[in-house]
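Subject: Structure handover

Hi,

Here is the structure you will be working with. Please open it first, then read my notes below.

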Amino acid sequence: MKSLQKIYWLAVVLLMLAVLALPTGPSQAQAAAGFHISGRNLLDANGNNFIMRGVSHAHTWYPSQTSSFANIKATGANTVRVVLSGGRWTKNTASDVANVINLCKANKLICVLENHDTTGYGEDGAAVSLAQAVAYWKEIQSVLTGQEAYIIINIGNEPYGNNNASAWVNATKNAIAELRSAGFEHTIMVDAPNWGQDWSFVMRDNAASIFDSDPDKNLVFSIHMYGVFDTASEVQSYVSTFVSAGLPLVIGEFGHNHSDGNPDEDAIMAQAQANGVGYIGWSWSGNGGGVEYLDMVTSFNPAQLTSWGERIVNGANGIKQTSQEASVYGGPTSTPCANCTLTHTFTPVPPTNTPTVTHTPNVNGALKVQLVTGGTDNNQQSAFHYRVQNTGASAVSNISVRIYFSLDGSQAASKYVLEKYYDQSGVATISGPTQASGSSYYFTVNYGTKSLPAGSAWEYHTSMHLNDWSNNYSGSNDWWHTTGTMPASYVDWTSIPAYVSGSLNWGSEPGGGPTHTPTATGTITRTPTATPSASRTPTPTTCPMATAEPLRVEPVTSPSDQTTQVITVRANNSDSVTVALESGSFTVTGDFTTSNPALVTVSLLPNTEHHLTVSAHIKNFVGPGGCTYGGYTISMRNDRYGMPLTIVQSDVTNPTLTPTPTITPTHTPTQHPGAACAVTYSMNDWGSGFTANVTIANNGSTAINGWTLAWAFPGSQTITNLWSGSYTQSGQSVSVTNLGYNANIPPNGNVNFGFNANYSGANARPAVFSLNGSLCSVNP
């Protein structure tokens with residue numbers, strides 16, 4: 001009996017202890033009442049899907065502009081991202097933050113509170129660490145607790161610059177752990193490094209492990225999109241990574257313009273809408289320091305929308321069109337976006353009509369497209385040049401061309417990239433990829449409203465590859481490429497169709513679309529009929545400046561131990577060249593022609609960056625408008641090596657109206673006779689730094705076992721980190737050596753490596769590369 005009593009009381013005690021161990025009080029209630037993550041969706045306290053459509057407001061610098069909260073709400077926004085400071089600027093106290101939260105709630109806005117003190121940490125000496133940002137949040141925790149249904153904590157704005165960005169991973173994990181340990185139950189937002197733009201993909205590639213490190217799994221990632229995201233394909237590629245991984249993403253800042261480039265705001269907003277991703281534009285008003293164009297309203301006046309404000313508020317996929325109030329304020333209820341979590345299909349930006357095979361060709365048929373190889377065509381990329389020509393008798397505008405391709409295996413369309421290395425028109429933009437049908441997609445190169453004169457052409461240098469530069473690419477199954485080898489000189493290419501105002505004018509589309517090669521018919525004659533009359537002497541006209549392929553000069557900065565250097569100068573269709581040097585002396589050898597460029601031997605001054613003045617006299621030819629040019633001079637003055645030379649003087653003689661098309665000069669990449677290697681060097685430049693991808697191709701017949709690639713930067717470029725190789729840099733001289741796994745380059749094979757670098761001034765590309773001591777050819 002006593003034993004039974006002991007067992008009974010023991011059971012009672014254990015039951016009481018179990019009850020006491022259950023979560024009680026505010027912690028459990030807050031977790032249920034606040035924002036939380038399901039899959040890659042942000043759900044509000046009612047369990048309804050919430051997609052941010054918001055505006056940033058610089059409260060810490062303009063604390064008196066409290067009317068901005070109501071004015072932002074009046075745009076239709078459902079979110080305001082509020083700039084706070086823990087002391088880098090005037091500190092926002094707990095009472096001030098409590099008032100901000102009340103203003104958000106009074107105006108039915110979700111409040112994203114961000115600590116701006118971390119901006120550019122590691123590169124900006126005034127920035128604070130994420131650990132210091134966490135200390136600020138803990139300091140004002142009393143006014144944040146209990147507000148989990150209305151606020152999201154953005155730990156630190158752009159918490160790392162470009163120095164040591166990889167350290168962001170552990171710093172972010174530690175900050176999350178510290179907040180959770182302190183009892184924060186809120187959804188946490190983390191900004192990417194690289195000033196928020198994640199161009200080195202540190203956040204993208206570590207997002208899964210960071211999300212898993214949060215014990216509450218209540219985390220959303222924030223990417224800032226400015227100059228790094230200046231094409232639709234870059235926007236699409238980044239968003240698709242998070243969609244595919246099922247991870248929550250918000251575009252925490254973006255604008256329509258920026259000092260580091262021109263972000264594609266149309267693509268950003270369209271991709272956000274298509275994939276259930278939130279966005280927050282920067283910013284309501286009060287910008288300075290040369291970025292005043294990012295103000296959405298002038299002087300905090302809601303009646304004075306700027307062009308940027310008009311775009312984000314009233315434009316396509318804008319706030320008014322897409323924003324829905326949070327259901328905690330009585331807004332519409334919705335279920336989580338299940339399709340968004342699983343779909344890998346992206347809305348084309350900008351939307352285009354589905355191509356069909358029933359296009360009616362423009363009867364003028366003025367355009368044609370020609371193609372030539374760009375040098376590299378393998379399982380990593382296809383480099384090529386094309387030119388669109390106007391063979392008609394009048395100028396043509398609203399021109400576009402399409403580059404049709406097919407997916408390779410399981411590769412997603414969003415992984416494909418069409419580069420823009422050289423654009424003779426100066427206005428071309430790329431959109432896509434757009435799905436044609438099944439696994440067939442296309443990029444569109446659009447020339448806008450610029451007119452292509454009669455008899456002229458626009459050349460475009462590009463390559464197609466996967467965004468990870470992997471060897472899973474094939475161009476041989478692409479419509480634009482065809483199955484054969486690309487030609488060594490320009491030929492008519494009907495597999496790249498050209499359009500005028502959206503109507504097919506040249507070439508054909510996949511699926512049997514008609515080929516519209518212009519042909520003469522009985523009703524259309526293109527040859528003027530001569531009338532025997534002595535009075536038909538052509539009237540002299542004012543002929544326009546002829547457009548020719550720019551001269552190109554290989555960059556070189558003389559090392560201290562070298563006093564002479566051979567520099568290659570190129571320009572087509574020329575019969576003479578004049579080269580002057582600001583310092584030193586020089587000689588010129590060779591005929592200045594397409595196949596045999598001028599070789600300029602320069603006596604260099606030690607450790608000096610030299611500048612040339614280069615001129616070329618162009619042979620007689622027929623140019624725009626049928627004008628016969630008796631010769632003109634193109635020249636460059638006092639510009640760094642490697643920059644394109646522009647026409648500064650025209651010497652036009654004997655203009656006639658001969659309707660003969662201009663033969664556009666062909667620009668060929670720098671070649672070194674007998675070179676057994678070729679180097680492709682591409683950059684993503686944001687103003688003070690860049691990422692470079694370098695590919696070494698073995699053009700020889702024997703394998704290369706162990707390699708060292710050497711070059712000299714033409715400016716102040718300094719490598720900060722490099723992958724897939726080991727490097728040394730001394731001044732401007734760089735040497736990169738293979739690692740163990742990529743030492744072998746088989747015949748017709750290639751290897752690649754990449755690096756990040758900083759610079760000031762100009763960022764010209766290196767032009768001379770040597771592999772194991774032998775010069776390589778250089779692809780554009």
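Strands β8 (residues 219-225) and β9 pair in the parallel sense, over five bridges. Two strands count as paired if DSSP finds at least two bridges between them. Helices (H or I, at least four residues) and strands (E, at least two) are DSSP runs, numbered from the N terminus. I223 has I251 as its bridge partner in β9. From β8 the chain crosses through helix α9 (residues 232-245) to β9, and this β-α-β crossover is right-handed. Right-handed has a set meaning: with the strands pointing away from the viewer, the path from the first strand over the helix to the second runs clockwise.

This is a predicted model, where local features need pLDDT of at least 70 and side-chain atom pairs count only at pLDDT 80 or more, while totals for chains, interfaces and linings use all residues. Residues are numbered from 1 along each chain as its sequence is written, and side-chain values use heavy atoms, leaving out hydrogens and water.

β9 also joins strand β10 (residues 278-281) by two bridges, and these strands run parallel. Here V250 has G278 as its partner in β10. The chain crosses from β9 through helix α10 (residues 265-274) to β10, again as a right-handed β-α-β crossover.

Is β9 covered or open? Strand β9 (residues 249-254) is mostly covered, with six of its six residues buried. Buried means under 20% relative accessible area, exposed over 50%, and partly exposed in between (1.4 Å probe, protein chains only).

Now the rings. The whole structure holds 29 aromatic pairs. Rings of Phe, Tyr and Trp (its six-membered ring) pair if their centres lie within 6.5 Å; planes under 30 degrees apart are stacked, over 60 edge-to-face, and the rest tilted. Why is the pair of F254 and W308 edge-to-face? Because the ring centres are 5.5 Å apart and the planes stand at 85 degrees. F254 lies in strand β9 and W308 in helix α11 (residues 307-314), so the pair ties together parts that are 54 residues apart in sequence. F254 is buried, at a relative accessible area of 0%. W308 is buried too, at 0%.

Ring pairs also link a cluster: Y681, F690, W707, W711, F713, F753, F755, Y759 and F769.

Last, two charges over rings. K105 lies over the face of Y150, 4.6 Å from the ring centre. The charged end of R387 sits over the ring of Y490, 4.0 Å from its centre. The test is NZ of Lys or CZ of Arg within 6 Å of the ring centre and within 35 degrees of the ring normal.

Best wishes
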